[in-house]
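Me: Hi! I have a structure open and would like to talk it through with you. Could you take a look with me?

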Amino acid sequence: MSETTPQYYQRHIFFCLNERTNGENCCAQHGAQQAFEHCKALVKQQGLAGAGKVRVNKSGCLDRCAGGPIAVVYPEGIWYSYVDIADIEEIVESHLKNGVVVERLLTPPELGR
Ligand code: FES
């Protein structure tokens, strides 16, 4: 893809919904499904969904479980550790809608699996 080729989505957010049944930590234990559904509904409700705009997708483990629950936004590659629905609303309004990263929710760089 050349530098001038438009991207199909302006922004793409992935929510890890991974669930582990062996007792290990996972995003599904921390409200990831509810956060994903709320984000999807909000993006749609605000008219942000679709080609040239925003896409909300579920994902498997993103291998940064220690910072979970995790969501990542592309093309910027910004990783978020959210806590509640208010955090999701802030990510939608600030980052997905207005392109302003929510600094307070950034996943600490040292947190991996
Ligand atoms: S279980 Fe969500 S990042 Fe691994």
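Predicted model: local features only at pLDDT ≥ 70, side-chain atom pairs only at ≥ 80, totals over all residues.

Me: Thanks! At what angle do α1 and α2 cross?
Reply: Helix α1 (residues 32–45) and helix α2 (residues 85–97) cross at roughly 40°, and their axes come within 10 Å. That makes α1 oblique to α2. Helices here are DSSP runs (H or I, at least four residues), strands are runs of E with at least two, and both are numbered from the N terminus. The axes are lines fitted to C-alpha atoms, for helices over the stretch in contact, and angles run from 0 to 180 degrees between N-to-C directions. As for the word oblique, angles under 35 degrees count as roughly parallel, over 145 as roughly antiparallel, 65 to 115 as roughly perpendicular, and the rest as oblique.

Me: Is the crossing of α1 and α2 left-handed or right-handed?
Reply: The crossing is right-handed. That word is used if the near helix is turned clockwise from the far one by less than a right angle, and left-handed if anticlockwise.

Me: Which residues of α1 and α2 meet?
Reply: From α1 there are A35, H38, C39, L42 and V43, and they meet I85, I88, E89, V92 and L96 of α2. The residues of this contact divide into eight nonpolar, one polar and one charged. Nonpolar covers Ala, Val, Leu, Ile, Met, Phe, Trp, Tyr, Cys and Pro, charged covers Asp, Glu, Lys and Arg, and the others, Gly among them, are polar.

Me: Let's zoom in on L42. Is it buried or exposed?
Reply: L42, which lies in helix α1, counts as buried because it has 20 C-beta neighbours inside 10 Å. The cut-offs are 20 or more other C-beta atoms within 10 Å for buried, 12 or fewer for exposed, and in between for partly exposed, with C-beta atoms placed from the backbone.

Me: And what is L42 in contact with?
Reply: Leaving aside neighbours within four places in sequence, L42 is in contact with E89 and V92. Contact is a matter of C-beta atoms, placed from the backbone, that lie within 7 Å. The C-alpha atoms of L42 and E89 are separated by 7.7 Å, though these residues are 47 residues apart along the chain.

Me: New topic: how many residues are in the largest nonpolar core?
Reply: There are 22 residues in that core, and F15, A35, C39, V43 and V92 touch the most other members. Such a core is a set of buried Ala, Val, Leu, Ile, Met, Phe, Trp, Tyr and Cys residues joined through C-beta atoms within 7 Å.

Me: Which elements each supply at least two residues of this core?
Reply: They are β1 (11–16), α1, β2 (54–59), β3 (70–74) and α2. Helix α1 gives the most, with six residues.

Me: What does A35 touch?
Reply: Beyond its neighbours within four places in sequence, A35 is in contact with F15, P69, Y82, I85 and I88.

Me: Last one: what about D63?
Reply: D63 sits in the loop between β2 and β3 and counts as exposed, with 11 C-beta neighbours inside 10 Å. Its phi is near 65°, a positive value in a residue other than glycine.

Conventions
Residues numbered from 1 in each chain as written. Contact = placed C-beta atoms within 7 Å.
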